[in-house]
Amino acid sequence: MRYVSTRGAWREDPQPFSAILLEGLAPDGGLAMPQAYPRLDAAALAALRPLGYRDLAHAVLSLFVTDIPGADLKALIDRSYTAATFGSDEITPLSTLAPGLHLLHVSNGPTLAFKDIALQLLGNLFEYVLGKDGRELNILGATSGDTGSSAEYAMRGKRGLRVFMLSPHERMSPFQQAQMFSLADPNIHNLAIDGVFDDCQDIVKAVSCDAAFKARWKIGTVNSINWARVAAQVVYYFKAYFAVTRGGGDGVDFAVPSGNFGNILAGHVARQMGLPIRRLILATNENDVLDEFFRTLTYRPRATAQTCATSSPSMDISKASNFERYVFDIVGRDPAVVRALWQRLDTEGSFDLKGTPYAASVAASGFVSGKSTHADRLATIRDVAARYGVVVDPHTADGIKVGQEHRDARVPLVCVETALPAKFAATIREALGRDPERPAAYADLERRPQRCERLPADAARVKAFIAAHA
Ligand SMILES: *Cc1c(COP(=O)(O)O)cnc(C)c1O
């Protein structure tokens, strides 16, 4: 399996997995995509059905990772997906709320959000690939909460890797801050920036645009456009499909709360591989860029100033980074069309697929969408608690709300639980008048010693810190 860019780079020279693993954007600004999706027929699916999570992950990921010896890849997977890290050997267990209505638990990892599924594997893949030729990498990132902690828990103690994570000073929830700042590993550096999240992101951009500094200090990222993250997430769509069907090719619907389009893109990839997914039900919060696209076929990213802070904060996005991969498939994988559309985004701020030949491909891709507001979230958290005795987090509630709107009683509906409610206690209190349960391991989290480096919103100061600690 080799990889090309959505905008045409590497066409004559498709790249192996290990080469795209450590890269952010392709040289032409596009995203890495497999040259073609592996296709699984009914017999191949039947062979995967009985496998446990680790063997299933190995079977699926082997199709995308063909330049790491099978036994090595298996060892990396076995080390990433353990009962100690994810709470059970099922890794992503499924529970049934009512006949035909299920919850897929992908948020039982160390930071209680689904990003751990991909990042735990990424940490081990990075260490392996760098270790092969004695290279090092300094990961620079900006976080408003979930991604940063997930990256730090995945990279802590890894050889050849250091993390420099910028966060806005005193703007994360106490739980999120304690999760990151209580890590004592010497390769983890938390930089609390005097500013907001956008200031942090601007600094990361400024540092990454300094090519000489980037090369000298071997700066890399772990952002959501990393292909390995998408591939790792494909596995739990298979796992859930097998958990709710008996074979025979019957379809399943998935409801997925979406922000950067990474999670649900993995569902799209699984569907392209032949997994009988009928519908991918995409839920947004008040920041409804993606719902607007699937309703109107117009993609209109927002300005940062038009992005509102909501009670499902991990979906507060102005543009969906991974969406370009889906569009690449929709336009028949023609990089010239992708280039033209993204050029139109630059000049006109939006593009419209209505009335084009691509409208039919969108319709055939199985996506439907909807939007959920703060009031919907609270109502859904209350309703699910009252009916089923289960407390769900605000993001999961957005998915359940929109999933119910599109529900077909003849088709099993799997709602993806993307975080545990313990992370978002304030909204749970507002909905239910009580605190969410917290996993025992986190009981004393906010009381643990914390450390961070406080810096002004100044790229030069951040560079100096990296140079002194890399
Ligand atoms: C990141 C995140 C999302 C959004 O996922 P995308 O892959 O960006 O669409 C949803 N819920 C939670 C809890 C998250 O952390």
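**Figure 1. Ser 318 lies in the loop between β11 (298-299) and α14 (323-330).** The model is predicted: local features require pLDDT of at least 70 and side-chain atom pairs pLDDT 80 or more, whereas totals for chains, interfaces and linings use all residues. Residues are numbered from 1 along each chain as its sequence is written, and side-chain values use heavy atoms, with hydrogens and water left out. Helices (H or I, at least four residues) and strands (E, at least two) are DSSP runs, numbered from the N terminus. Ser 318 counts as buried because its relative accessible area is 18%; buried means under 20% relative accessible area, exposed over 50%, and partly exposed in between (1.4 Å probe, protein chains only). Apart from neighbours within four places in sequence, Ser 318 is in contact with Val 289, Pro 301, Arg 302, Ala 303 and Thr 307, where contact means heavy atoms within 4.5 Å.

**Figure 2. Asp 329 lies in helix α14.** With a relative accessible area of 15%, Asp 329 is buried. Leaving aside neighbours within four places in sequence, the contacts of Asp 329 are Met 33, Tyr 37 and His 268.

Figure 3. A polar backbone atom of Gly 259 is 2.8 Å from an oxygen atom of the ligand. For a polar backbone atom of Asn 260, the distance to a ligand oxygen atom is 2.7 Å, and for one of Phe 261 it is 3.1 Å. Taken alone, the ligand exposes 380 Å², and the protein buries 96% of that. Accessible areas come from the Shrake-Rupley method with a 1.4 Å probe; for residues, only the protein chains shown count as cover. A polar contact is a pair of N or O atoms within 3.5 Å; within protein, one must be able to donate a hydrogen and the other to accept it, and residues adjacent in sequence count only if both atoms are side-chain atoms.

**Figure 4. Phe 261 and Leu 112 each have a positive phi although neither is a glycine.** Phe 261 has a phi of about 70° and is placed in the loop between β9 (252-257) and α12 (262-272). Its relative accessible area is 1%, so Phe 261 is buried. Leu 112 has a phi of about 60° and lies in the loop between β4 (101-105) and α6 (115-132). Leu 112 is buried too, with a relative accessible area of 2%.

**Figure 5. The largest nonpolar core has 111 residues.** A nonpolar core is a set of buried Ala, Val, Leu, Ile, Met, Phe, Trp, Tyr and Cys residues joined through side-chain atoms within 4.5 Å. Phe 238, Phe 261, Phe 323 and Tyr 326 have the most contacts inside the largest core. Helix α11 (residues 227-244) gives the most to this core, with 14 residues. A second, separate core of 19 residues includes Ala 283, Ala 397, Val 402 and Cys 415. In soluble globular proteins, nonpolar side chains tend to be buried together. Not counting residues up to four places away in sequence, Tyr 326 touches Phe 261, Leu 265, His 268, Phe 293, Phe 294, Val 362, Ser 365 and Phe 367.

**Figure 6. Helix α8 (residues 174-181) is mostly covered.** Of its 8 residues, 6 are buried: Phe 175, Gln 176, Ala 178, Gln 179, Met 180 and Phe 181. These buried residues pack against α7 (146-155), β6 (161-168) and β7 (188-194).

**Figure 7. Ile 188 is found in strand β7.** Ile 188 counts as buried because its relative accessibility is 1%. Residues up to four places away in sequence aside, Ile 188 touches Glu 152, Met 155, Arg 156, Val 163, Leu 183 and Arg 451.

**Figure 8. Ile 225 is found in the loop between β8 (219-220) and α11.** Ile 225 has a relative accessible area of 11% and is therefore buried. Not counting residues up to four places away in sequence, Ile 225 touches Gly 24, Leu 25, Leu 31, Ser 321, Asn 322 and Arg 325.
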